[in-house]
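I opened my notebook to look up a few places in this protein chain. Here is what I went through.

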Amino acid sequence: MTECERIVKDGILSESFFNEEVRCDFLVTKDRKKLFAVLLDILLKIDSVCKKHDIPYFIYGGTLLGAVRHGGFIPWGDDLDIVMFRKDYNKLLEYAAEFEPPYFLQTPYTDKGFFWANSTVRNKNTTAVTPYFAYQPMNHGAFVDIFTLDNIIDGEEGKENFLKINKLTIDNSTYMRMSNPNLDEENKKRVEEYKTRMRDPFEVYEEIQALSQRWNDIQTTHITTPMATFYGYEKKFYHSEDFSDSVPMKFEGYEFPAPRGWERILQTTYHDYMQMPPMEKRGLHHNILFDMDTPYQTYIDSHIKGNH
């Protein structure tokens with residue numbers, strides 16, 4: 001039984017959910033619907049563990065944008081993100097064992113080849129493999145990202161700290177490419193440059209966590225998501241009060257907690273967030289190979305390693 005078949009069998013989604021459809025002038029294929037189904041199922045698992053242990057969290061990033069603008073997935077999207085305060089994040093990590101197969105709570109503590117700054121919850125019976133990382137010995141199942149909210153001070157010192165974390169995150173991303181014997185020239189150069197100052201990636205991960213929590217012992221008017229540096233400092237500089245409480249928000253027929261100040265949060269990250277991107281920019285925005293019907297080990301062996 002595939003994961004999507006299980007999701008239908010368990011009554012999480014109906015078979016009709018997987019039908020191709022046009023949303024916002026974009027064709028959502030059956031394969032993309034399968035990805036949406038698996039990601040939603042993972043989010044529901046996270047939600048159940050968080051509710052069981054009274055751990056607050058918020059939908060975040062493109063997931064929050066999708067809930068507000070589309071009532072669910074952005075039609076051309078390919079991921080889900082949640083965020084939580086550091087103390088709640090640490091509490092969730094204590095319950096890693098509750099994410100039993102096919103789920104897996106992934107951190108460098110639970111998966112020795114994984115060195116992302118943030119944690120994920122994956123489904124091991126599926127595939128979401130970044131080609132650069134394909135040879136890295138770790139779980140490459142479809143995943144939901146979990147980020148932290150940490151205090152940030154205004155001004156240059158806060159920005160420099162954010163940029164330092166970004167640099168260290170890139171270093172560990174480079175480390176995870178080193179296991180790949182088939183890198184293109186650009187990435188080979190990146191790896192060679194990195195080797196001149198290479199450090200233990202676990203130590204780098206620990207430094208990222210320490211830098212992220214630098215101001216958590218003082219009260220600040222702003223917070224950020226230091227493990228999610230991809231949009232830059234200014235687009236991640238949020239008002240603390242906007243995350244002071246949650247409001248229920250519909251997402252694909254389910255309700256999930258959104259931050260109280262969702263409007264200002266979306267304006268900070270996306271500016272005119274109700275404006276649709278031009279047609280040519282509507283597509284998978286991550287360099288990831290997806291297959292919801294195939295476990296990642298099988299997929300990598302046959303589609304990646306088998307081609308070389």
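**Entry 1: Thr-220**

I started with Thr-220, which sits in the loop between helix H7 (201–212) and strand E9 (222–224). The model I am reading is predicted. Is Thr-220 buried or exposed? I looked up its relative accessibility and found 14%. Buried means under 20%, so Thr-220 counts as buried.

Next I checked its side chain. A polar atom of the Thr-220 side chain lies 2.8 Å from the backbone oxygen of His-222. Then I listed contacts, leaving aside neighbours within four places in sequence. Thr-220 is in contact with Asn-151, Ile-152, Ile-153, Trp-215 and Ser-240.

**Entry 2: Ala-142**

I moved to strand E8 (residues 142–152), where Ala-142 is found. Its relative accessibility is 1%, so I noted Ala-142 as buried. Which residues does Ala-142 touch, not counting those up to four places away in sequence? I wrote down several, among them Val-38, Leu-39, Ile-42, Val-121 and Met-292. I also looked up Tyr-296, which is 154 residues from Ala-142 along the chain. The C-alpha atoms of the two are separated by 8.8 Å.

**Entry 3: helix H3**

I ended with helix H3 (residues 62–70). Which of its residues are buried? I found Thr-63, Leu-64, Leu-65, Gly-66, Ala-67 and Arg-69. What covers these buried residues of H3? I noted that the cover includes strands E3 (58–59), E4 (81–85), E11 (246–251) and E12 (254–259), and also helix H8 (262–270).

Terms used. Residues numbered from 1 in each chain as written. Predicted model: local features only at pLDDT ≥ 70, side-chain atom pairs only at ≥ 80, totals over all residues. Heavy atoms only, no water. Helix = DSSP H or I, 4+ residues; strand = E, 2+ residues; numbered from the N terminus. Buried < 20%, exposed > 50% of the residue type's maximum accessible area, 1.4 Å probe, protein only. Polar contact = N/O pair within 3.5 Å; in protein donor to acceptor, adjacent residues only side chain to side chain. Contact = heavy atoms within 4.5 Å.
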